[in-house]
Amino acid sequence: MPVSQENLRSAFEEIMQDSKIQEAKYAQIITTQEQRDEAAMPERLMIYPRQLVTFPNHPFYIRDDEDMSKLKESIMNSGIRTPIEVIRTGEKNERGEDTFYIVAGHRRTHVARQIFPEDHRLEVRIHNMSMDEAIVAMTESNLLTRENILPCERGNALRMEVEARERITGRPENGTVAKNVRTRDLIGETYHMNGRSVQRYIRLAYLIPELQTLIDDNKIGMMTGVELSYLSEKEQHDVWDEMELTAFEHYPSKAQAVAMRKLSKEGTLDMDAIVDILEVEKPNQVDHIRYVPRKEDLLEQIPAYLNPEKWKDKDFTEFIGKAIAFYASSLEEQHRLEKEQSTFNSPYRSSYSSQL
(Lines give C-alpha, C1' and ligand atoms only; values in the text may rest on other atoms or scores of the structure.)
Protein backbone atom coordinates (compact mmCIF):
# COMPACT_ATOMS: atom_id res chain seq x y z
CA MET A 1 0.00 0.00 0.00
CA PRO A 2 1.57 3.34 -1.05
CA VAL A 3 2.50 5.80 1.69
CA SER A 4 0.48 9.03 1.60
CA GLN A 5 2.21 12.41 1.55
CA GLU A 6 0.68 13.19 4.96
CA ASN A 7 2.28 10.12 6.51
CA LEU A 8 5.57 10.84 4.79
CA ARG A 9 5.60 14.44 6.07
CA SER A 10 4.86 13.20 9.58
CA ALA A 11 7.77 10.81 9.38
CA PHE A 12 10.13 13.63 8.45
CA GLU A 13 8.89 16.18 10.97
CA GLU A 14 11.47 15.31 13.64
CA ILE A 15 14.30 15.52 11.11
CA MET A 16 13.19 18.79 9.49
CA GLN A 17 12.62 20.80 12.69
CA ASP A 18 11.38 23.75 10.60
CA SER A 19 14.65 23.85 8.68
CA LYS A 20 14.33 25.38 5.22
CA ILE A 21 17.16 23.20 3.97
CA GLN A 22 15.48 20.05 5.20
CA GLU A 23 12.16 21.31 3.84
CA ALA A 24 13.75 21.63 0.40
CA LYS A 25 15.19 18.13 0.64
CA TYR A 26 11.78 16.85 1.64
CA ALA A 27 10.19 18.60 -1.33
CA GLN A 28 12.62 16.85 -3.65
CA ILE A 29 11.62 13.49 -2.20
CA ILE A 30 7.85 13.85 -2.45
CA THR A 31 7.66 15.62 -5.84
CA THR A 32 8.25 14.22 -9.31
CA GLN A 33 10.99 15.45 -11.65
CA GLU A 34 8.31 16.91 -13.89
CA GLN A 35 6.89 18.90 -10.99
CA ARG A 36 10.35 20.16 -10.02
CA ASP A 37 11.11 21.17 -13.63
CA GLU A 38 7.83 23.05 -13.83
CA ALA A 39 8.55 24.84 -10.54
CA ALA A 40 11.97 25.90 -11.85
CA MET A 41 10.47 27.45 -15.00
CA PRO A 42 10.34 31.26 -15.05
CA GLU A 43 7.03 32.67 -13.90
CA ARG A 44 5.07 34.49 -16.62
CA LEU A 45 3.18 37.63 -15.71
CA MET A 46 1.41 40.55 -17.42
CA ILE A 47 2.57 43.88 -15.96
CA TYR A 48 2.58 47.59 -16.79
CA PRO A 49 5.71 49.17 -18.36
CA ARG A 50 5.91 51.49 -15.31
CA GLN A 51 6.80 48.43 -13.23
CA LEU A 52 9.94 47.82 -15.26
CA VAL A 53 13.20 49.33 -13.99
CA THR A 54 16.45 49.79 -15.93
CA PHE A 55 19.08 47.26 -14.85
CA PRO A 56 21.56 48.87 -12.40
CA ASN A 57 24.57 50.35 -14.25
CA HIS A 58 23.17 49.15 -17.55
CA PRO A 59 26.14 49.51 -19.95
CA PHE A 60 24.20 49.79 -23.21
CA TYR A 61 22.83 53.07 -24.54
CA ILE A 62 19.20 53.42 -25.58
CA ARG A 63 19.51 55.39 -28.82
CA ASP A 64 16.67 56.54 -31.03
CA ASP A 65 18.59 55.61 -34.16
CA GLU A 66 17.76 53.73 -37.35
CA ASP A 67 17.76 50.36 -35.58
CA MET A 68 15.32 51.69 -33.00
CA SER A 69 13.07 52.99 -35.76
CA LYS A 70 13.00 49.53 -37.35
CA LEU A 71 12.19 47.93 -33.99
CA LYS A 72 9.43 50.47 -33.41
CA GLU A 73 7.90 49.74 -36.80
CA SER A 74 8.05 45.99 -36.12
CA ILE A 75 6.35 46.33 -32.73
CA MET A 76 3.67 48.60 -34.15
CA ASN A 77 2.89 45.99 -36.80
CA SER A 78 3.25 42.77 -34.81
CA GLY A 79 3.45 43.73 -31.13
CA ILE A 80 6.09 42.44 -28.72
CA ARG A 81 6.23 38.75 -29.48
CA THR A 82 9.00 37.83 -27.03
CA PRO A 83 8.48 38.32 -23.27
CA ILE A 84 10.72 40.78 -21.41
CA GLU A 85 13.19 38.88 -19.20
CA VAL A 86 13.23 40.27 -15.64
CA ILE A 87 14.13 39.64 -12.01
CA ARG A 88 12.36 41.04 -8.97
CA THR A 89 13.78 44.17 -7.35
CA GLY A 90 12.10 43.44 -4.02
CA GLU A 91 10.69 46.98 -4.03
CA LYS A 92 7.40 48.64 -4.98
CA ASN A 93 6.72 51.77 -7.03
CA GLU A 94 4.71 54.80 -5.94
CA ARG A 95 1.49 52.92 -6.73
CA GLY A 96 2.42 50.02 -4.48
CA GLU A 97 3.09 47.69 -7.43
CA ASP A 98 5.96 45.19 -7.54
CA THR A 99 8.89 46.35 -9.68
CA PHE A 100 11.29 44.33 -11.80
CA TYR A 101 14.80 44.86 -13.17
CA ILE A 102 14.98 44.35 -16.94
CA VAL A 103 17.50 41.64 -17.81
CA ALA A 104 16.74 41.52 -21.53
CA GLY A 105 14.35 43.88 -23.30
CA HIS A 106 15.39 47.48 -22.56
CA ARG A 107 14.86 48.58 -26.17
CA ARG A 108 11.47 46.85 -26.44
CA THR A 109 10.41 48.48 -23.18
CA HIS A 110 11.57 51.88 -24.48
CA VAL A 111 9.41 51.49 -27.59
CA ALA A 112 6.44 50.18 -25.57
CA ARG A 113 6.47 53.30 -23.42
CA GLN A 114 6.38 55.44 -26.56
CA ILE A 115 3.58 53.77 -28.52
CA PHE A 116 1.31 51.95 -26.06
CA PRO A 117 -1.25 53.56 -23.73
CA GLU A 118 -0.47 53.68 -20.01
CA ASP A 119 -2.80 50.76 -19.18
CA HIS A 120 -1.20 48.45 -21.77
CA ARG A 121 0.39 45.38 -20.19
CA LEU A 122 3.53 43.56 -21.27
CA GLU A 123 4.33 39.90 -20.78
CA VAL A 124 7.42 39.24 -18.67
CA ARG A 125 9.27 36.13 -17.57
CA ILE A 126 10.44 36.39 -13.99
CA HIS A 127 13.71 34.57 -13.35
CA ASN A 128 14.84 33.38 -9.94
CA MET A 129 18.52 34.28 -10.04
CA SER A 130 21.07 36.30 -8.11
CA MET A 131 22.12 39.79 -9.21
CA ASP A 132 25.46 38.45 -10.48
CA GLU A 133 23.73 35.72 -12.47
CA ALA A 134 21.42 38.39 -13.88
CA ILE A 135 24.44 40.52 -14.88
CA VAL A 136 25.88 37.61 -16.87
CA ALA A 137 22.51 36.96 -18.53
CA MET A 138 22.05 40.66 -19.30
CA THR A 139 25.49 41.18 -20.87
CA GLU A 140 25.34 37.95 -22.87
CA SER A 141 21.86 38.67 -24.26
CA ASN A 142 23.01 42.09 -25.50
CA LEU A 143 26.51 41.23 -26.73
CA LEU A 144 25.25 38.23 -28.67
CA THR A 145 22.18 39.84 -30.24
CA ARG A 146 22.88 43.56 -30.77
CA GLU A 147 24.40 44.43 -34.13
CA ASN A 148 25.82 47.90 -33.52
CA ILE A 149 27.74 48.06 -30.24
CA LEU A 150 30.05 50.98 -29.53
CA PRO A 151 33.54 50.26 -28.12
CA CYS A 152 32.85 51.63 -24.63
CA GLU A 153 29.47 49.91 -24.46
CA ARG A 154 31.27 46.63 -25.08
CA GLY A 155 34.02 47.52 -22.61
CA ASN A 156 31.61 48.40 -19.79
CA ALA A 157 29.58 45.25 -20.42
CA LEU A 158 32.64 42.98 -20.48
CA ARG A 159 33.94 44.51 -17.26
CA MET A 160 30.59 43.90 -15.54
CA GLU A 161 30.50 40.30 -16.77
CA VAL A 162 34.07 39.49 -15.75
CA GLU A 163 33.54 40.91 -12.26
CA ALA A 164 30.20 39.12 -11.87
CA ARG A 165 31.65 35.77 -12.96
CA GLU A 166 34.55 36.18 -10.56
CA ARG A 167 32.15 36.89 -7.69
CA ILE A 168 30.17 33.77 -8.61
CA THR A 169 33.19 31.46 -8.85
CA GLY A 170 35.37 33.22 -6.25
CA ARG A 171 38.29 35.55 -6.71
CA PRO A 172 41.86 34.23 -7.14
CA GLU A 173 43.90 33.67 -4.01
CA ASN A 174 47.25 35.24 -3.06
CA GLY A 175 46.79 38.07 -5.55
CA THR A 176 47.41 35.86 -8.58
CA VAL A 177 45.90 36.90 -11.89
CA ALA A 178 45.74 33.45 -13.49
CA LYS A 179 42.05 33.10 -12.73
CA ASN A 180 41.34 36.57 -14.09
CA VAL A 181 43.08 35.64 -17.32
CA ARG A 182 41.13 32.39 -17.60
CA THR A 183 37.87 34.23 -17.05
CA ARG A 184 38.66 36.67 -19.86
CA ASP A 185 39.73 33.88 -22.18
CA LEU A 186 36.51 31.97 -21.54
CA ILE A 187 34.40 35.08 -22.06
CA GLY A 188 36.37 35.81 -25.24
CA GLU A 189 35.45 32.38 -26.63
CA THR A 190 31.77 33.20 -26.14
CA TYR A 191 32.10 36.38 -28.21
CA HIS A 192 34.73 35.06 -30.68
CA MET A 193 37.49 37.23 -29.21
CA ASN A 194 40.83 36.44 -27.60
CA GLY A 195 41.60 37.30 -24.00
CA ARG A 196 43.85 40.20 -25.01
CA SER A 197 41.03 41.85 -26.96
CA VAL A 198 38.67 41.37 -24.02
CA GLN A 199 41.23 43.06 -21.75
CA ARG A 200 41.60 46.02 -24.11
CA TYR A 201 37.86 46.59 -24.20
CA ILE A 202 37.68 46.30 -20.41
CA ARG A 203 40.33 49.02 -20.05
CA LEU A 204 37.95 51.45 -21.79
CA ALA A 205 35.58 50.98 -18.85
CA TYR A 206 38.16 52.74 -16.63
CA LEU A 207 37.87 55.97 -18.64
CA ILE A 208 35.79 58.86 -17.35
CA PRO A 209 32.46 59.24 -19.23
CA GLU A 210 33.67 62.29 -21.16
CA LEU A 211 36.61 60.38 -22.67
CA GLN A 212 34.40 57.36 -23.35
CA THR A 213 32.20 59.61 -25.45
CA LEU A 214 35.21 60.66 -27.54
CA ILE A 215 36.07 56.99 -28.13
CA ASP A 216 32.52 56.12 -29.18
CA ASP A 217 32.38 59.20 -31.43
CA ASN A 218 35.61 58.05 -33.09
CA LYS A 219 37.43 61.23 -32.09
CA ILE A 220 40.05 59.19 -30.22
CA GLY A 221 41.30 55.77 -31.27
CA MET A 222 40.65 52.71 -29.16
CA MET A 223 44.33 52.06 -28.42
CA THR A 224 44.75 55.70 -27.40
CA GLY A 225 41.84 55.19 -25.01
CA VAL A 226 43.48 52.09 -23.57
CA GLU A 227 46.62 54.09 -22.74
CA LEU A 228 44.60 56.97 -21.24
CA SER A 229 42.68 54.51 -19.06
CA TYR A 230 45.80 54.01 -16.94
CA LEU A 231 45.76 57.66 -15.87
CA SER A 232 44.12 58.53 -12.56
CA GLU A 233 40.62 59.97 -12.64
CA LYS A 234 41.98 63.44 -11.84
CA GLU A 235 44.58 63.19 -14.62
CA GLN A 236 41.88 62.12 -17.08
CA HIS A 237 39.76 65.11 -16.07
CA ASP A 238 42.82 67.34 -16.62
CA VAL A 239 43.22 65.93 -20.14
CA TRP A 240 39.55 66.56 -20.84
CA ASP A 241 39.71 70.10 -19.41
CA GLU A 242 42.66 70.99 -21.64
CA MET A 243 40.89 69.69 -24.75
CA GLU A 244 37.73 71.57 -23.80
CA LEU A 245 39.71 74.75 -23.09
CA THR A 246 41.23 74.69 -26.58
CA ALA A 247 37.84 73.98 -28.20
CA PHE A 248 39.04 70.44 -29.00
CA GLU A 249 41.75 71.70 -31.32
CA HIS A 250 43.97 68.88 -30.10
CA TYR A 251 43.00 65.25 -29.58
CA PRO A 252 45.68 62.99 -28.10
CA SER A 253 47.34 60.43 -30.33
CA LYS A 254 48.46 57.04 -29.11
CA ALA A 255 52.06 58.26 -28.80
CA GLN A 256 50.95 61.23 -26.70
CA ALA A 257 48.79 58.97 -24.53
CA VAL A 258 51.78 56.66 -24.00
CA ALA A 259 53.88 59.66 -22.94
CA MET A 260 51.21 60.77 -20.46
CA ARG A 261 50.89 57.26 -19.07
CA LYS A 262 54.66 57.13 -18.51
CA LEU A 263 54.68 60.45 -16.65
CA SER A 264 51.64 59.36 -14.64
CA LYS A 265 53.47 56.23 -13.55
CA GLU A 266 56.40 58.41 -12.48
CA GLY A 267 54.06 60.74 -10.61
CA THR A 268 55.03 63.81 -12.68
CA LEU A 269 51.98 64.22 -14.93
CA ASP A 270 50.57 67.64 -14.05
CA MET A 271 48.55 70.12 -16.11
CA ASP A 272 51.67 71.78 -17.54
CA ALA A 273 52.95 68.45 -18.79
CA ILE A 274 49.57 67.62 -20.33
CA VAL A 275 49.52 70.98 -22.14
CA ASP A 276 53.06 70.49 -23.44
CA ILE A 277 52.26 67.00 -24.72
CA LEU A 278 48.97 67.94 -26.40
CA GLU A 279 50.47 70.98 -28.12
CA VAL A 280 53.04 68.90 -29.97
CA GLU A 281 51.97 69.04 -33.60
CA LYS A 282 51.04 65.64 -34.99
CA PRO A 283 51.56 64.69 -38.65
CA ASN A 284 47.81 64.33 -39.20
CA GLN A 285 47.26 67.88 -37.95
CA VAL A 286 49.60 69.50 -40.50
CA ASP A 287 47.79 71.07 -43.42
CA HIS A 288 48.54 69.35 -46.72
CA ILE A 289 47.90 70.72 -50.20
CA ARG A 290 45.77 68.22 -52.06
CA TYR A 291 44.83 68.53 -55.72
CA VAL A 292 41.35 67.33 -56.61
CA PRO A 293 41.05 67.25 -60.41
CA ARG A 294 37.96 68.70 -62.05
CA LYS A 295 35.90 66.52 -64.35
CA GLU A 296 36.54 68.98 -67.21
CA ASP A 297 40.31 68.55 -66.76
CA LEU A 298 39.99 64.78 -66.82
CA LEU A 299 37.88 64.86 -69.99
CA GLU A 300 40.65 66.75 -71.74
CA GLN A 301 43.05 63.90 -70.99
CA ILE A 302 40.90 61.28 -72.73
CA PRO A 303 42.10 60.60 -76.31
CA ALA A 304 39.73 61.53 -79.11
CA TYR A 305 39.34 57.92 -80.27
CA LEU A 306 37.71 57.14 -76.92
CA ASN A 307 34.96 59.71 -77.57
CA PRO A 308 35.35 62.04 -74.53
CA GLU A 309 31.80 63.34 -75.11
CA LYS A 310 30.41 59.98 -73.98
CA TRP A 311 32.14 60.36 -70.59
CA LYS A 312 30.48 63.62 -69.57
CA ASP A 313 27.69 61.95 -67.59
CA LYS A 314 29.74 59.04 -66.21
CA ASP A 315 31.20 58.55 -62.76
CA PHE A 316 34.97 58.84 -62.98
CA THR A 317 35.63 56.96 -59.74
CA GLU A 318 35.92 53.53 -61.34
CA PHE A 319 37.71 54.97 -64.36
CA ILE A 320 40.34 56.63 -62.18
CA GLY A 321 40.83 53.43 -60.19
CA LYS A 322 41.42 51.42 -63.37
CA ALA A 323 43.73 54.11 -64.71
CA ILE A 324 45.85 54.03 -61.57
CA ALA A 325 45.99 50.22 -61.67
CA PHE A 326 47.02 50.30 -65.36
CA TYR A 327 49.69 52.90 -64.65
CA ALA A 328 51.04 50.83 -61.75
CA SER A 329 51.22 47.71 -63.92
CA SER A 330 52.99 49.73 -66.65
CA LEU A 331 55.61 50.89 -64.16
CA GLU A 332 56.04 47.33 -62.93
CA GLU A 333 56.50 46.07 -66.50
CA GLN A 334 58.99 48.87 -67.23
CA HIS A 335 60.95 47.97 -64.08
CA ARG A 336 61.03 44.31 -65.13
CA LEU A 337 62.33 45.14 -68.60
CA GLU A 338 65.00 47.45 -67.21
CA LYS A 339 66.11 44.72 -64.82
CA GLU A 340 66.32 42.17 -67.66
CA GLN A 341 68.26 44.63 -69.81
CA SER A 342 70.64 45.34 -66.94
CA THR A 343 71.25 41.62 -66.49
CA PHE A 344 71.78 41.14 -70.22
CA ASN A 345 74.41 43.93 -70.34
CA SER A 346 76.21 42.83 -67.23
CA PRO A 347 80.02 42.30 -67.56
CA TYR A 348 79.64 38.81 -66.11
CA ARG A 349 77.28 37.90 -68.95
CA SER A 350 79.68 39.39 -71.57
CA SER A 351 82.59 37.47 -70.14
CA TYR A 352 80.57 34.30 -70.06
CA SER A 353 79.37 34.84 -73.65
CA SER A 354 82.93 35.31 -74.93
CA GLN A 355 83.80 31.89 -73.62
CA LEU A 356 81.10 30.18 -75.71
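**Salt bridges and a helix pair**

Tutor: Let's start with a network of salt bridges that links Glu43, Arg88, Lys92 and Asp98. A salt bridge here is a side-chain nitrogen of Lys or Arg within 4 Å of a carboxyl oxygen of Asp or Glu. This is a predicted model, where local features need pLDDT of at least 70, side-chain atom pairs count only at pLDDT 80 or more, and totals for chains, interfaces and linings use all residues. Residues are numbered from 1 along each chain as its sequence is written, and side-chain values use heavy atoms, with hydrogens and water left out.

Student: How many salt bridges does the structure hold?

Tutor: It holds 17 salt bridges.

Student: OK, what about Glu43 and Arg88, how far apart are N and O?

Tutor: That salt bridge has an N to O distance of 3.3 Å. Glu43 is in strand E1 (residues 43-47) and Arg88 is in strand E3 (residues 84-92), so the pair ties together parts 45 residues apart in sequence. Helices (H or I, at least four residues) and strands (E, at least two) are DSSP runs, numbered from the N terminus.

Student: Where do Glu161 and Arg165 sit?

Tutor: They are four residues apart in helix H7 (residues 151-169), separated by about one helical turn. Glu161 is buried, with 0% relative accessible area, while Arg165 is partly exposed at 27%.

Student: Switching topic: at what angle do H12 and H14 pack?

Tutor: Helix H12 (residues 233-245) and helix H14 (residues 271-278) pack at about 50°, with axes 10 Å apart. Axes are lines fitted to C-alpha atoms, for helices over the stretch in contact, and angles run from 0 to 180 degrees between N-to-C directions.

Student: Which residues of H12 and H14 make the contact?

Tutor: H12 brings Glu235, Asp238, Val239, Asp241, Glu242 and Met243, and H14 brings Met271, Ile274, Val275 and Leu278. Contact means heavy atoms within 4.5 Å. By class, that is six nonpolar, no polar and four charged residues. Ala, Val, Leu, Ile, Met, Phe, Trp, Tyr, Cys and Pro count as nonpolar, Asp, Glu, Lys and Arg as charged, and the others, Gly among them, as polar.

Conventions
Buried < 20%, exposed > 50% of the residue type's maximum accessible area, 1.4 Å probe, protein only.
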